[in-house]
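Please look at the sequence and the model first, then read the points below.

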Amino acid sequence: MKDLLKVLACTRCKGNLDYKKTHLVCTKCRLKYSIIDGIPDMLPEHAEKV
Ligand SMILES: [Zn+2]
């Protein structure tokens, strides 16, 4: 997961992502991406605003 974080970026603002076990949170726009079966769902239309 750590290596994946290096290549992944927020699909909306390209910001860095913070790993929170059950989801990823963008450090810039705070958009929340679910992690399903260990795979982050990076579709912006699935992401939640916090
Ligand atoms: Zn973002």
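In which sense do β2 and strand β3 pair, and over how many bridges? β2 and β3 (residues 31-36) pair in the antiparallel sense, over three bridges. The model is a predicted one, in which local features need pLDDT of at least 70, side-chain atom pairs count only at pLDDT 80 or more, and totals for chains, interfaces and linings use all residues. Residues are numbered from 1 along each chain as its sequence is written.

**Overall make-up**

- Along the sequence the pattern reads α-β-β-β-β-β.
- The radius of gyration, taken over C-alpha atoms, is 9 Å, close to the 10 Å that the globule rule gives for 50 residues, so the protein is as compact as a globular protein of that length. The globule rule is 2.2 Å times the number of residues to the power 0.38.
- Taken along the principal axes, the box filled by the C-alpha atoms is roughly 20 × 20 × 15 Å.
- Of the 50 residues, 14% are buried. A residue is buried if 20 or more other C-beta atoms lie within 10 Å of its own, exposed if 12 or fewer, and partly exposed in between, with C-beta atoms placed from the backbone.
- Among contacts between residues at least 6 apart in sequence, 11% join residues at least 24 apart; two residues are in contact if their C-beta atoms, placed from the backbone, lie within 7 Å.

**Strand pairing and turns**

- Strands β1 (residues 17-19) and β2 (residues 23-26) run antiparallel and are joined by three bridges; strands pair if DSSP finds at least two bridges between them.
- L24 in β2 is the bridge partner of Y19, and L24 also has a bridge partner in β3, Y33.
- The hairpin of β1 and β2 has three residues between the strands. K21 lies in this loop and has a positive phi of about 70° although it is not a glycine.
- K21 counts as exposed because it has 7 C-beta neighbours inside 10 Å.
- The hairpin of β2 and β3 has four residues between its strands, and R30 in the turn has a positive phi of about 65°. R30 is likewise a residue other than glycine, and it counts as partly exposed because it has 14 C-beta neighbours inside 10 Å.

**Nonpolar core**

- The largest nonpolar core holds seven residues: C10, L17, L24, V25, C26, Y33 and A47. Such a core is a set of buried Ala, Val, Leu, Ile, Met, Phe, Trp, Tyr and Cys residues joined through C-beta atoms within 7 Å.
- β2 gives the largest share of this core, three residues.
- Leaving out residues up to four places away in sequence, L17 touches L5, L8, A9, C10, L24, V25 and C26.

**Two loop residues**

- C29 lies in the loop between β2 and β3 and counts as partly exposed because it has 14 C-beta neighbours inside 10 Å.
- Beyond four places in sequence, C29 is in contact with C10, R12, C13 and G15.
- C29 and K14 are 15 residues apart in sequence, and their C-alpha atoms are 9.4 Å apart.
- P44 lies in the loop between β4 (39-40) and β5 (48-49), and counts as exposed because it has 11 C-beta neighbours inside 10 Å.
- Not counting residues up to four places away in sequence, P44 touches T11 and R12.
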